[in-house]
Amino acid sequence: MLQVGINGYGTIGKRVADAVVSQPDMELAGVAKTRPNFEAERAVANGYPLFAAVPERVERFAAVGIDLAGEVDELVERSDVVVDATPSGIGAENKELYETYDTPALYQGGEDADLVKTSFNARANFSEAVGADHVRVVSCNTTGLSRLVAPIEEAFGIEKVRATLVRRGGDPAQSGRGPINDVLPDPVSLPSHHGPDVKTIFPDLAIDTLGLKVPATLTHTHSVNVSLEREASAAEVRDLFENESRLFVIGEDLGIDGSGAIKEFALDAGRPRGDVWENCIWGESIAVEGSDLYLFQAIHQESDVVPENVDAVRAVTEIEDAETSIERTNEALGMGF
Ligand code: NAD
């Protein structure tokens, strides 16, 4: 069984920890936290070994009666792979720690692309991460675009992608983030960082992205236009998407008109935390005009990168190929509605 440690137990870290626990070939070596808040309390309640991420703060856990299994160095030492899910920029600071113990590490999309040689999306470039020591699982938006681009490129070829990303202002628990009652072009000049980030996965892709930030917390929403190299009908594109395990085409009959309904649907389906690991593409929005494909998709920012992290663990440890890993991850999580 692969021992997987999680350093940084917030929005992404706690979801990846639960996903690791559900995998038949992985064990959770433990999770590291900086402070004893409700998430630390829940980690212990789940039986997850809890490590102090900052040695000077060990006493703070003891003061509120939370038992620690040790400090983060011990977690890194006992792990076959560490998933770093700390806030943007902290992963880069932690790289030396992982190197000290010769433990392969996965970083998240908030880190600069040049921190690692390989940025990762399971559908698009699993093989490039095989055996790598440091891999960055790309951000929620880049994951959402990569999952879409890979099958379109294979089936029809892509001349150019143009995408406008309507981004949530913050996650539901990020009470300190705005904007409040505003719509911000962000950045106001072309391109947003997402296009260049997608190119870390598809170096030769022509892609322009624009970003907006809105006062929403539930999902991002992408308005996508792809100029195709070969002719395709909307029905063919839809068929293609319906055969992809991490793309969910929202049926017309479901009456799902926005992010709120998507989340409600996921909660009704019994998804943990109402998570939506798949891209959600509105079936009715898939349209082809000449050689231009158009669609809308929603991306659940808190969870779409979770299965990707699980697959990246298998890639760096070289235990499975892409197809087997994706299938195993999906089955263990309960992917598909
Ligand atoms: P978060 O703030 O919810 O969680 C980060 C956790 O790390 C917190 O619990 C924080 O206390 C802890 N932490 C801070 N400093 C630490 C340290 N030195 N050592 C260990 N832990 C430390 O952040 P998040 O949203 O989970 O984001 C983590 C990473 O994932 C970032 O790179 C982010 O860009 C990326 N990401 C976030 C989202 C999202 O929508 N939330 C989506 C995809 C990728």
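Helices and strands here are DSSP runs, numbered from the N terminus; a helix needs at least four residues, a strand at least two. With that settled, let's begin. This is a predicted model.

Two places today. We start with a loop.

Find strand 5, residues 81-84, and helix 5, residues 90-100. Thr 86 sits in the loop between them. Is Thr 86 buried or exposed? The relative accessibility of Thr 86 is 15%. Buried means under 20%. So Thr 86 counts as buried.

What does its side chain reach? Take Asp 84 to begin with. The side chains of Thr 86 and Asp 84 are joined by a polar contact of 2.6 Å. Now Gly 91. Here the side chain of Thr 86 reaches a backbone nitrogen, at 3.2 Å.

Gly 91 comes up again in the list of contacts. Leaving out residues up to four places away in sequence, Thr 86 touches Asn 7, Gly 8, Gly 91 and Asn 94.

Next, a pair of helices. Helix 1 covers residues 11-22, and helix 11 covers residues 306-317. How do they pack? Their axes are 9 Å apart, at an angle of about 55 degrees. Helix 1 and helix 11 are therefore oblique to each other. The crossing of helix 1 past helix 11 is right-handed.

Which residues make the contact? From helix 1, Arg 15, Val 16 and Ala 19. From helix 11, Val 306, Asn 309 and Val 310. Sort the residues of this contact by class, and you get four nonpolar, one polar and one charged.

Note on methods: Residues numbered from 1 in each chain as written. Predicted model: local features only at pLDDT ≥ 70, side-chain atom pairs only at ≥ 80, totals over all residues. Heavy atoms only, no water. Axes fitted to C-alpha atoms, helices over the stretch in contact; angles between N-to-C directions. Parallel < 35°, antiparallel > 145°, perpendicular 65-115°, else oblique. Left-handed = near helix turned anticlockwise from the far one by under 90°. Contact = heavy atoms within 4.5 Å. Nonpolar A, V, L, I, M, F, W, Y, C, P; charged D, E, K, R; others polar. Buried < 20%, exposed > 50% of the residue type's maximum accessible area, 1.4 Å probe, protein only. Polar contact = N/O pair within 3.5 Å; in protein donor to acceptor, adjacent residues only side chain to side chain.
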